[in-house]
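Subject: Structure handover

Hi,

Here is the structure you asked about. My notes follow below it.

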Amino acid sequence: MEAFLISTSIVALAEMGDKTQLLSLVLAAKFRKPWPIVAGIFAATLVNHALAGAVGNWITTVLGPDVLRWILGISFILMAGWMLIPDKLDEEEAGRSSGRWGVFGTTLVLFFLAEMGDKTQLATVGLAAKFPLSYYWVVAGTTLGMMLANAPVVWFGEKITQKLPIKTIHRVCALVFLVLGIAALLTKV
């Protein structure tokens, strides 16, 4: 349960102001069909984070505990710094039309691609490596965290994004990653 709760909270916080959250806002404004957008976000996130979690689990079988501890610690500390850099959404990533794929398909593809190499995907890799026996809890938690951050944006759009202090949320998330990184470095296996 610890893996689930930590994964949910870290990813929900990390997603605030992230490019995929901005993509959610753009898709909601463009298509005005929240159900297929939310379904596309869910499907893309589940597949993306399942793959990221599998990579995180695989890493634990290849690396020794001390090497893994150092990689995780340093990765989480670097993630803390990355959280302080604001994301931007490229116009090309937002797409121009739903084309033949429809709203669901367009959302699925754009969201999956935008999530590649993103903070939350890399956090999922790290969390799966940190909790190797809790793969499903990590994937469920990171997916729920993404949905908690993105679904309300699709439903309520700009009203929410204008009221949330994104810089403060990023700082809190950076602090959480920093604490996790230091804890990983100081914990002997």
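I182 sits in helix 10, residues 166-186. Helices here are DSSP runs of H or I with at least four residues, and strands are runs of E with at least two, numbered from the N terminus. I182 counts as partly exposed because its relative accessibility is 38%. The classes are: buried under 20% relative accessible area, exposed over 50%, partly exposed in between (1.4 Å probe, protein chains only).

This is a predicted model: local features need pLDDT of at least 70, side-chain atom pairs count only at pLDDT 80 or more, and totals for chains, interfaces and linings use all residues. Residues are numbered from 1 along each chain as its sequence is written, and side-chain values use heavy atoms, with hydrogens and water left out.

I182 also belongs to a nonpolar surface patch with L175, L178, V179 and L186. Together they have about 470 Å² of accessible area (Shrake-Rupley method, 1.4 Å probe, only the protein chains shown counting as cover for residues). Patch residues have over 30% relative accessible area and no salt bridge; like charges are joined within 9 Å, nonpolar side chains (Val, Leu, Ile, Met, Phe, Trp, Tyr) within 5 Å.

Now the inside. The largest nonpolar core has 18 residues, and F76, L127, V138 and F177 touch the most other members. Helix 1 (2-15), helix 4 (65-83), helix 7 and helix 10 each supply at least two of its residues. Helix 4 gives the largest share, six residues. A core is a set of buried Ala, Val, Leu, Ile, Met, Phe, Trp, Tyr and Cys residues joined through side-chain atoms within 4.5 Å.

Helix 7 covers residues 119-130. Ten of its twelve residues are buried, among them K119, Q121 and L127. From first to last C-alpha it reaches 16 Å, close to the 16 Å expected (1.5 Å times one less than the number of residues).

How many salt bridges does the structure hold? One. R69 pairs with D66, with the closest N and O atoms 3.6 Å apart. The cut-off is a side-chain nitrogen of Lys or Arg within 4 Å of a carboxyl oxygen of Asp or Glu. Both residues lie in helix 4, three residues apart, about one turn. R69 counts as buried because its relative accessibility is 8%. D66 is partly exposed, at 45%.

Last, the record. An unreviewed UniProt entry annotates "transmembrane region" at 35-55, 67-85, 97-114, 134-156 and 168-186. In the model, residues 35-55 are 100% helix, with end C-alpha atoms 30 Å apart. Residues 67-85 are 89% helix, with ends 28 Å apart. UniProt positions use the numbering here, feature names are shortened, and annotations may be inferred rather than shown by experiment.

Best wishes
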